[in-house]
Amino acid sequence: MTKREPKRPRNQKFDAFESDLCDALSDVFYAIDSEFRLRRWNDRLSERTGYSDDELAEMSPLALVPEDERPVLEKATRKVLEQGVTQTVESHLLTEDGQRIPHEFNGSPITDESGTVVGLAGTARNIAERKRRENERKQYETLFETINDGVFVLDADLRYTAVNDAFAAMAGYDRDQLLGLHASVLSTEEDFKRGEQLAVEITSGKQDVAALDSELVRKDGALLPVETRFALLQADDAETVVGVVRDVSKRKRRERTLRKHRDELETLNHINVVIRELVWALVSAATREEVERTVCDYLADSDLYRFAWIGERDRDTGGVAVRTEAGIDDGARELFEAANSKNDWERPASEVLHTGELTVINDIESDERFPASVRRTITDSAVRSGIALPLSHGQTVYGVLAVYATRTDAFSEREAVGFEALGELVGFVIDAVESKRLLFADRVVELEFRVTDERSFFVSLSKEFGATCALEEIVPGEAGTLLEYGRIEGIPTDDVLERGEESNHIERIRAIDETLFEMTVVGASPVLTLTELGGSVTEAVVEDGAARIVAELPADVDVRNVVETFKGMFPSSELMGKRERERPTETVDELVADLEGDLTERQLAALRAAYMAGYFDWPRASTAEDVADALGISSPTLHQHLRKAESKVFSSFFAE
């Protein structure tokens with residue numbers, strides 16, 4: 001029934017029809033007079049607010065809305081009452097327990113017979129569900145627009161009906177250009193067929209959500225790797241497909257990188273096995289030829305490489321002459337051999353010999369360092385990549401090692417580092433066997449140089465102070481260093497030490513006596529350079545600012561290469577002489593006879609007794625006191641005999 005204010009006669013009842021009609025409304029119905037008083041209402045008002053009819057009859061209409069919203073409602077109400085216009089306002093209905101329920105208030109004027117506005121009749125509709133949907137829609141819209149992934153909606157014909165900015169950016173289109181576009185335009189033929197099949201499975205209920213790894217065809221034709229998850233969406237009695245697209249290009253690149261690193265690691269492990277076996281094989285190699293043959297055989301026999309060869313500078317042409325090879329050539333060696341007079345390009349092997357630097361060809365077919373005719377020829381073979389590296393030790397480049405593989409990019413940066421270390425190892429082994437050969441050679445080449453380059457420490461001392469310097473002994477040190485013992489006369493000891501400490505080419509220096517100095521030489525040193533070139537310096541004397549240096553080298557040495565390298569380091573040097581000579585050898589018996597002739601009877605006896613008693617063993621089997629007691633002499637006397645004997649033995653061993 002229609003509610004009224006019980007104690008106020010101005011609240012008159014509706015007739016039965018009006019009362020039933022108002023109570024049948026699902027919305028709140030209310031009437032307000034011109035004095036802003038609540039005159040009539042239906043059951044919905046008390047049901048929604050929790051107030052009784054008596055309580056409502058005593059309340060102002062504005063008391064039913066939150067205080068902060070009352071000015072808006074009051075303004076709209078006065079506009080109806082004063083101007084006679086209909087007003088609609090969204091606000092909240094405030095319940096007895098303080099709950100705020102969103103409602104839409106509609107107010108229309110009530111006029112009398114003369115047309116004067118005497119009140120307001122209105123309805124209040126509960127819009128909580130609508131607000132919930134609107135908020136939910138806004139959240140989805142916010143998510144739709146702000147999510148980093150691309151989002152799209154397709155209609156039943158698989159045309160885009162909605163897309164976000166992220167998806168448009170992925171595709172390279174403006175959003176308006178995508179709307180109405182068929183999904184096949186942004187897919188490869190194969191990916192579109194796979195997507196259609198998944199869509200069928202979703203519509204048939206076989207799965208709720210489908211995932212597809214594919215490539216998005218951008219507007220510029222580029223392919224973008226993406227991962228798409230899509231599902232069926234029921235809206236307004238129509239089925240649509242909503243999809244979320246993620247750019248996975250970075251992930252794909254990472255995966256490719258990881259796969260490449262994994263494959264590279266497996267290859268490196270295999271290479272390490274080959275090199276480890278090769279190192280063991282090199283230990284027993286007695287000649288340079290055996291060293292080079294072992295290297296080529298091991299590399300070519302592995303399943304990593306197809307062909308390997310070692311070459312050296314051709315003394316006649318200046319090109320590269322092959323020393324040894326192994327594996328299947330396929331004509332690829334031509335790429336790495338030196339250029340001749342008919343070629344207008346330098347091939348990698350020749351370049352390596354000139355520069356001493358490693359070079360890698362990752363893809364022969366596309367490497368523009370080679371003439372097109374050469375690239376066409378080589379692609380007919382199985383070879384696809386190669387590496388050329390120097391076999392060197394110190395200043396000496398003994399040759400070049402070239403290795404080929406049947407796969408492109410076979411020599412990564414880390415593999416190249418491994419090969420570089422292999423080249424240094426092989427160069428060291430060749431240097432060792434060549435030095436051994438020189439040590440026992442009956443015939444040698446003797447080169448005599450004159451050096452006036454002041455970068456030499458001894459030459460600079462001679463020029464500045466008029467000093468005379470003579471090399472007495474050299475001892476090989478770490479790579480790039482040499483321990484030298486030199487006799488320097490005509491200059492105070494302190495001045496020599498001061499100049500040595502100031503020199504960039506002397507690492508350390510100390511005086512043994514007034515004229516004999518021990519020094520570690522680095523950098524620009526003629527003696528060090530000749531030693532690194534495989535020579536044995538037999539004489540080095542500096543007088544009047546010029547050094548005379550004599551070195552012995554193997555009889556079959558490439559003299560031109562040695563001289564060019566030496567003069568490259570010391571441009572002011574001159575080759576004063578080249579001689580081939582026989583080198584006399586002394587037998588062990590002759591050496592022993594000479595030693596016995598030099599030692600006194602007491603010295604020889606002390607030396608023999610100490611040796612037999614294990615005095616020189618470690619740990620010692622006998623002490624000096626034990627040996628002295630056996631000889632019937634004092635310990636100081638024994639030490640005196642042993643020191644003199646040892647000095648004579650070492651002098652004989654290290655003498656010229």
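# A walk through the predicted model

The backbone nitrogen of Gln99 sits 2.9 Å from a polar atom in the side chain of Thr95. Thr95 belongs to the loop that links β3 (87-94) to β4 (100-111). With 5% relative accessibility, Thr95 counts as buried, because buried means under 20%. Setting aside neighbours within four places in sequence, Thr95 touches Arg48, Thr49, Tyr51 and Ile101.

Now step back to the whole chain. The structure is a predicted model. The protein chain has 22 helices and 23 strands. It runs to 656 residues, and 42% of them are buried. Consider the contacts between residues at least 6 apart in sequence. Of these, 53% join residues at least 24 apart.

Ile127 lies between β5 (117-126) and α5 (128-146). Its relative accessible area is 3%, so Ile127 is buried. Which residues does Ile127 contact, leaving aside its neighbours within four places in sequence? They are Glu90, Pro102, His103 and Glu104. Ser91 is 36 residues from Ile127 in sequence. In space, the C-alpha atoms of Ile127 and Ser91 are 9.7 Å apart.

Ala540 is part of strand β21. At 9% relative accessibility, Ala540 counts as buried. Beyond neighbours within four places in sequence, the contacts of Ala540 are Cys469, Ala470, Leu471, Val527, Arg548 and Ile549. Phe449 is 91 residues from Ala540 in sequence, with a C-alpha to C-alpha distance of 9.5 Å.

Next come the helix pairs. Two packed helices are described by the angle between their axes and the distance between those axes. Take helix α9 (residues 249-283) and helix α10 (residues 288-301). They pack at an angle of about 155°, and their axes are 10 Å apart. Angles over 145 degrees count as roughly antiparallel, so α9 is roughly antiparallel to α10. The crossing of α9 and α10 is right-handed. On the α9 side, the contact uses Val274, Glu277, Leu278, Ala281 and Leu282. On the α10 side, Val291, Thr294, Val295, Tyr298 and Leu299 take part. By class, the contact of α9 with α10 has eight nonpolar residues, one polar and one charged. An α-helix has 3.6 residues a turn, so residues three or four places apart point the same way.

The second pair is helix α15 (residues 457-465) with helix α16 (residues 493-502). Here the angle is about 130° and the axes are 11 Å apart. That angle makes α15 oblique to α16. The crossing of α15 with α16 is right-handed. Phe457, Leu461, Glu464 and Phe465 of α15 meet Asp495, Val496, Arg499 and Gly500 of α16. The residues in this contact divide into four nonpolar, one polar and three charged.

Helix α12 (residues 348-355) shows burial within a helix. Pro348, Ala349, Ser350, Val352 and Leu353 of α12 are buried. Gly356 follows α12 and has a positive phi, near 75°.

That leads to backbone geometry. Most residues other than glycine have a negative phi, and most peptide bonds are trans. Leu158 lies in the loop between β6 (150-154) and β7 (160-163). Its relative accessibility is 23%, so Leu158 counts as partly exposed.

Asp544 also has a positive phi, about 50°, and is not a glycine. Asp544 is found in the loop between β21 (536-543) and β22 (546-554). Is Asp544 buried or exposed? Asp544 is exposed, with a relative accessible area of 79%.

The last stop is a peptide bond. The bond from Trp618 to Pro619 is cis, with omega near 0°. Pro619 lies in the loop between α20 (601-612) and α21 (624-631).

Key
Residues are numbered from 1 along each chain as its sequence is written. This is a predicted model: local features need pLDDT of at least 70, side-chain atom pairs count only at pLDDT 80 or more; totals for chains, interfaces and linings use all residues. Side-chain values use heavy atoms; hydrogens and water are left out. Helices (H or I, at least four residues) and strands (E, at least two) are DSSP runs, numbered from the N terminus. Buried means under 20% relative accessible area, exposed over 50%, partly exposed in between (1.4 Å probe, protein chains only). A polar contact is a pair of N or O atoms within 3.5 Å; within protein, one must be able to donate a hydrogen and the other to accept it, and residues adjacent in sequence count only if both atoms are side-chain atoms. Contact means heavy atoms within 4.5 Å. Axes are lines fitted to C-alpha atoms, for helices over the stretch in contact, and angles run from 0 to 180 degrees between N-to-C directions. Angles under 35 degrees count as roughly parallel, over 145 as roughly antiparallel, 65 to 115 as roughly perpendicular and the rest as oblique. A crossing is left-handed if the near helix is turned anticlockwise from the far one by less than a right angle, and right-handed if clockwise. Ala, Val, Leu, Ile, Met, Phe, Trp, Tyr, Cys and Pro count as nonpolar, Asp, Glu, Lys and Arg as charged, and the others, Gly among them, as polar.
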